[in-house]
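Let's take a friendly walk through a protein model together.

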Amino acid sequence: MDVEQWSGVMLALLGRLRDRLCPDGLLLGHFKASLNLGAGFIYANTTGEDPLVRVSADLPLEAPHGLLKIALIAYELDSKSVQRALDEAMSAVFEQRGLRAEFQST
Amino acid sequence: MKTILISGFLGSGKTTLALELARLLKRDGVRTALVINEVGEVGIDADLFAGEDRSQLFEIFSGCVCCQVGSDLVETLKSIDADESVQWAIIEPSGVAYTSQILDTIGYWNEDAHVVQIVLIDGPRLPSLIEHLDNLIRDSLHSANIIVVSKEDLMDPASTNEVFRRVDDLAPGVPVISGDLLRDAPRVASEVFTRFVSS
């Protein structure tokens, strides 16, 4: 997968979370994620608007796997709903692209 | 060692501004430490510093420096200050921190600390933040040296004027600048730098 494809994964993930958890676009918080591809990072975030992505890597960069970190912090959202939305978003986005994930929750 | 405290709600652009200020200081040959506090046990903001000099990057996790891990901040500042070559520390607390409590905490490290306090205001979300988190927002503005209204690109001119009016109501007389930090961070950082840091 190249950087554009990985960026698409990040945007899709945060977009789904945003649509599910704050459909009106009003988020009293911050959803952010970073993907370590070894030779660079892709960072994405949203505060309720369309997610934005930033790439800090030497291009072109291709990577078969990466370490994805996601942090969701918000007022007025309960952790169970957040966890459920995260599970669903990851399943949908990864399945669509034929990706396999190993999870580690903190 | 002097300090820059960059306050602001979650997602208002603190890390972006911190990175730009660190670059400006580095450009001038000023050794600078960056202290980043994220709530939770996984650091993401520090990944934005990929490609930069990370030797002076300090991360504090597992709580907010304004309350649970205040002593960690004091110890971190002490250890940075022990290295006399470091002239500035940029402190980026979590976006849920109460600024007044962080200033108190910095006072435990050094009661005469020189602190430049920059407050980031997320322009489009300001009405909603005031409605739901009035105390947090007011607290951050209480002793600001300069206020930066971010995400200017997401507001129309009327909304921008309204945000400036509300900010002036909340912090009368404090200089306010605005910008789109994603595209315009060097200009915004340069203005802050010129006014409060380089002199």
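## About the model

This is a predicted model, in which local features need pLDDT of at least 70 and side-chain atom pairs count only at pLDDT 80 or more, while totals for chains, interfaces and linings use all residues. Residues are numbered from 1 along each chain as its sequence is written, and chains are lettered from A and ligands numbered from 1 in the order in which they are written.

Helices (H or I, at least four residues) and strands (E, at least two) are DSSP runs, numbered from the N terminus.

## Two helix pairs

Two packed helices are described by the angle between their axes and the distance between the axes. Here axes are lines fitted to C-alpha atoms, for helices over the stretch in contact, and angles run from 0 to 180 degrees between N-to-C directions.

In chain A, the axes of helix α1 (residues 3-21) and helix α2 (residues 79-96) come within 9 Å and cross at roughly 140 degrees. That makes α1(A) oblique to α2(A) (under 35 degrees is roughly parallel, over 145 roughly antiparallel, 65 to 115 roughly perpendicular and the rest oblique). In chain B, the axes of helix α1 (residues 14-27) and helix α6 (residues 181-197) come within 9 Å and cross at roughly 55 degrees, so α1(B) and α6(B) are oblique to each other.

## A buried valine

Where is B:Val65 found? Look in the loop between β3 (57-60) and α2 (70-81) of chain B. B:Val65 is buried, because 28 other C-beta atoms lie within 10 Å (buried means 20 or more such atoms, exposed 12 or fewer, and partly exposed in between, with C-beta atoms placed from the backbone). From B:Val65 to B:Thr160 is 95 residues in sequence and 31 Å in space, C-alpha to C-alpha.

## One face of a helix

Helix α3 (residues 99-109) of chain B has as its buried residues B:Thr99, B:Ile102, B:Thr105 and B:Ile106. Seen down the axis of α3(B), these fall within an arc of 115 degrees, so they line one face of the helix (the arc is that of the directions from the helix axis to the C-beta atoms).

## Where the chains meet

The contact takes 19 residues from chain B and 21 residues from chain A (two residues are in contact if their C-beta atoms, placed from the backbone, lie within 7 Å). On the chain B side, α4(B) gives the largest share, three residues.
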